[in-house]
Amino acid sequence: MKHILDGIRVLDITQFLAGPAATRLLAEMGAEVIKVEFPGGDPSRLFPFLKDGRSAYFVQQNRGKKAICLDPKSPEGLEILKGLLAKCDVFIENFAPGVIGRLGLGWDEVKAINPNIVMCSISAFGQTGPLAALPGFDNIGQAYAGVTSMIGETGKTPVFPQLALGDIGTGVHAAAAIGFALFHRERGGGGQYVEVSLLDTYFHHHDANVQVWSLSKGEIKPTRSGSHFYATAPAGIFQGKEMPIVILPLLNMWPKFCEVIGRPDLIHHPRYSDNSRRAENRHELIEIIEGWLQAQESDVESIRILEENRLPVAPILSVEQACQHPHLIERETVRWIDDRGLGRFQIPGMPLRFSAFPGHLDLDAPFLGEHNAAVLGEYLGYSKDRIATLEAMGVLVSEPIPSRAAG
Amino acid sequence: MRHILEGYRVLDITQFLAGPAATRLMVEMGAEVIKVEFPGGDPSRKFPFLKDGRSAYYVQQNRGKKAICLDPKSPEGLEILKGLIAKCDVFIENFAPGVIGRLGLGWDVVKAINPNIVMCSISAFGQTGPLAALPGFDNIGQAYAGVTSMIGEPGKTPAFPQLALGDVGTGVHAAAAIGYALLHRERGHGGQYVDVSLLDSYFHHHEVNVQVWSCSKGEIKPTRSGSHHYAVAPAGIFQGKTMPVFLLPILNMWPRFCEVLGRPDIIDHPKFCDNAARAENQIELIAIIEGWLQAQESDEEAIRILEDNHIPVAPILSVEQACQHPHLIERETVRWIDDRGLGRFQVPGMPLRFSSFPGHLDLDAPFLGEHNAAVLGEYLGYSKDRIAALQTKGVLASEPIPALIKAAE
């Protein structure tokens with residue numbers, strides 16, 4: 001057995017990021033993923049880093065998938081998709097709501113073809129509700145979820161996190177939902193339709209804001225507060241001698257933290273004796289802590305002292321530093337892959353670690369339409385002639401594989 | 001059948017957020033979760049919002065769980081935990097690495113007791129490696145993952161996102177891993193150990209930064225760039241007439257966006273003709289777009305025009321506005337719950353939607369040690385006398401349930 005999803009076949013008609021991230025996790029777990037692209041290909045094939053027309057962005061998300069490229073609006077293309085639905089265990093799409101139905105592949109059609117399939121739709125706002133029809137990417141869902149409003153300096157324009165917290169997170173939510181639906185099917189519960197959205201996913205991460213606003217009857221209005229938490233203190237980014245440092249000595253760590261910074265007098269001081277007082281008086285607390293940091297020999301030494309006292313502390317690593325950090329390398333949180341087009345480079349590793357499958361599968365990202373013939377031949381019994389005819393008709397499309405990659 | 005995990009029992013010895021978020025998803029899917037707390041309780045019972053000693057923070061993450069509270073360092077407490085491991089399908093913990101082993105409940109011990117169990121450890125840095133032993137919460141993993149460095153104004157101190165992107169995200173990763181391990185078990189392959197960390201989860205979200213840095217051989221050094229994306233343009237937060245507005249008219253939307261702006265002349269302009277050119281000249285481009293926004297009748301009108309043209313656009317809602325938005329309410333992205341202590345209030349809804357189970361289960365957050373007698377009686381056959389003796393000895397602990405609530409029940 002290769003991995004957990006050995007023998008599970010996925011028809012993946014997703015593009016960009018959230019959908020491909022979900023099926024990437026399935027491919028890492030051994031599923032056979034058939035990625036369907038339309039003529040022109042997944043738009044992420046044009047995202048940077050680009051070299052000789054090959055996108056590392058695309059490669060990162062699509063390793064280990066088989067690629068077919070067809071025109072879904074031709075009767076032959078639709079017939080192929082319906083044929084594959086009958087042979088697959090999972091069907092996943094991330095078009096705007098309504099599009100998959102207009103293609104003739106809504107859940108009603110899909111379950112009539114294969115009642116045992118798990119179908120997953122991923123969208124920005126979900127399949128229903130007043131916003132459902134709007135187009136959206138990661139940060140659009142973020143803005144509507146009240147998340148963007150919680151990131152940046154108070155009273156200033158919010159800031160834009162420079163990574164796909166929402167899209168990848170939504171992919172993980174989708175993979176989780178698919179996993180539990182497959183589990184349900186394994187126990188004899190049959191197929192079903194699962195739905196995941198960017199907006200639901202982003203909103204799901206509010207640990208304090210929603211309940212605090214709701215129970216205070218709107219008296220507390222959560223908003224961004226720069227580099228420190230608004231409701232917990234000390235908790236934030238403090239200016240060290242030369243660099244900013246994250247320090248989070250929460251709750252029962254407060255007395256020990258005061259001892260370490262040589263201020264046992266603060267432990268029971270009326271301005272700092274509990275979390276709500278510390279949050280209220282956080283500005284003077286920040287000054288005290290930054291004073292201590294700046295009086296140390298070096299930031300490295302301050303971090304060491306805090307670590308030794310088991311207080312949560314971290315330097316703020318750049319991407320460059322993170323990619324070279326011995327811990328991330330040893331655990332393959334950042335790992336090397338090989339691509340036929342781009343060669344060897346680093347990407348984030350597999351975040352789900354199973355003791356029964358400690359290694360990595362050998363996965364390759366496909367060129368456009370690379371597996372047209374293999375997939376149609378193997379699963380639908382199409383002859384070489386029929387495939388060639390469909391290619392000549394423009395129903396099937398593929399890009400040439402560079403000669404150095406073909407070997 | 002109530003839901004997918006009906007009949008599955010989870011021993012949950014987690015605290016704070018990442019672990020409880022994972023088991024919260026499982027309980028929403030019908031699992032029976034036995035939450036083990038130590039005397040004093042899960043520290044999140046002290047997190048705001050607090051009213052009469054009851055924490056909404058705790059309630060949000062722990063609805064539907066059964067709570068037992070015991071001293072794990074007493075021989076009797078350890079015996080109870082081992083007894084429950086034999087009766088459970090999943091065992092999940094989020095202590096610092098090594099702690100669970102020192103308690104006598106490491107994977108070797110656990111699998112000897114119950115080879116069919118799925119054990120999941122959640123930690124800040126993972127179970128191995130040079131950082132493994134360090135303590136850590138959400139933003140510690142975020143800082144080490146190179147994520148914090150990507151949020152804020154260039155050259156200034158990064159900004160702290162005021163929500164638990166990492167902890168809740170790690171909980172979802174853990175729930176996913178447990179689901180697949182249960183599927184594997186259901187297909188006849190027994191139990192196993194799964195290891196999930198904040199650092200892995202945060203780092204997993206880099207879609208561009210890692211490969212761009214690596215493929216450019218370090219020439220491109222990704223860093224925070226305020227309210228706009230550093231590599232894609234136009235993509236960011238633009239100043240409208242009275243408020244900031246999010247806009248992402250990327251790639252093939254560019255020509256249509258220029259038409260909407262009334263600037264078809266810039267579609268093929270050498271400074272803006274492709275994404276790389278636009279990213280390079282984005283300061284100029286931002287001025288053009290903000291000029292258009294500010295010339296419209298209102299921000300609502302500008303958003304409407306862009307929406308009509310299928311250009312991705314959003315107002316930046318406050319939490320308050322999001323909680324009152326008709327779309328979030330209709331879909332129960334924000335939903336109402338009832339707590340015996342706190343009454344009725346809103347929390348984020350269940351983000352996984354299954355057609356076979358469209359409704360919500362009725363779930364109640366436990367008081368400390370509320371189910372000591374029920375769990376020990378039902379699963380381990382402890383008599384009332386034995387349970388009372390353990391309570392007297394301090395092996396079991398519980399908090400009094402407010403009289404008002406008791407009376408209501």
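**Entry 1: Tyr180(B)**

Tyr180(B) touches Ile4(A), Leu5(A), Leu26(A), Met29(A), Ala175(A), Ile178(A), Gly179(A) and Phe354(A), leaving aside residues up to four places away in sequence; contact here means heavy atoms within 4.5 Å. I then looked up the largest nonpolar core, which has 225 residues. Such a core is a set of buried Ala, Val, Leu, Ile, Met, Phe, Trp, Tyr and Cys residues joined through side-chain atoms within 4.5 Å. Buried means under 20% relative accessible area, exposed means over 50%, and partly exposed lies in between (1.4 Å probe, protein chains only). Leu5(A), Phe354(A), Leu5(B), Tyr180(B) and Phe354(B) touch the most other members of this core.

**Entry 2: conventions and confidence**

I note that residues are numbered from 1 along each chain as its sequence is written, and that chains are lettered from A and ligands numbered from 1 in the order in which they are written. As this is a predicted model, local features need pLDDT of at least 70 and side-chain atom pairs count only at pLDDT 80 or more, while totals for chains, interfaces and linings use all residues; side-chain values use heavy atoms, with hydrogens and water left out. The predictor's confidence in each residue, pLDDT, runs from 0 to 100. For chain B the mean pLDDT is 95, and 99% of its residues reach 70 or more. I recorded an ipTM of 0.96 and a pTM of 0.96 for the model.

**Entry 3: chain A as a whole**

I found 18 helices and 14 strands in chain A. Helices (H or I, at least four residues) and strands (E, at least two) are DSSP runs, numbered from the N terminus. The C-alpha trace of chain A spans about 85 × 50 × 40 Å along its principal axes. Of its 407 residues, 64% count as buried. Among contacts in chain A between residues at least 6 apart in sequence, 69% join residues at least 24 apart.

**Entry 4: strand 8 of chain B**

I asked which strands pair with strand 8 of chain B. Two strands pair if DSSP finds at least two bridges between them. Strand 7 (residues 118–123) of chain B runs parallel to strand 8 and is joined to it by 6 bridges; Cys120(B) has Val194(B) as its bridge partner. From the other chain, strand 14 (residues 353–354) of chain A runs antiparallel to strand 8 of chain B, with 2 bridges. There, Arg353(A) has Asp195(B) as its bridge partner.

I also checked burial. Because 6 of the 6 residues of strand 8 (residues 192–197) are buried, the strand is largely enclosed by the rest of the structure. Gln192(B), Val194(B) and Val196(B) are buried on one side, and Tyr193(B), Asp195(B) and Ser197(B) on the other.

Gly240(B) touches Leu293(B), Gln294(B) and Asp299(B), leaving aside residues up to four places away in sequence. Gly240(B) counts as buried because its relative accessibility is 4%. Gly240(B) and Glu290(B) are 50 residues apart in sequence and 6.3 Å apart in space, C-alpha to C-alpha.

**Entry 5: backbone geometry**

Most residues other than glycine have a negative phi, and most peptide bonds are trans. I found a cis bond from Pro48(A) to Phe49(A), with omega near 5°, and another cis bond joining Ala233(A) and Pro234(A), with omega about -5°.

I also looked up positive phi values. Asp52(A) has phi near 50° and, at 65% relative accessibility, counts as exposed. Phe16(B) has phi near 65° and is buried, with a relative accessible area of 19%.
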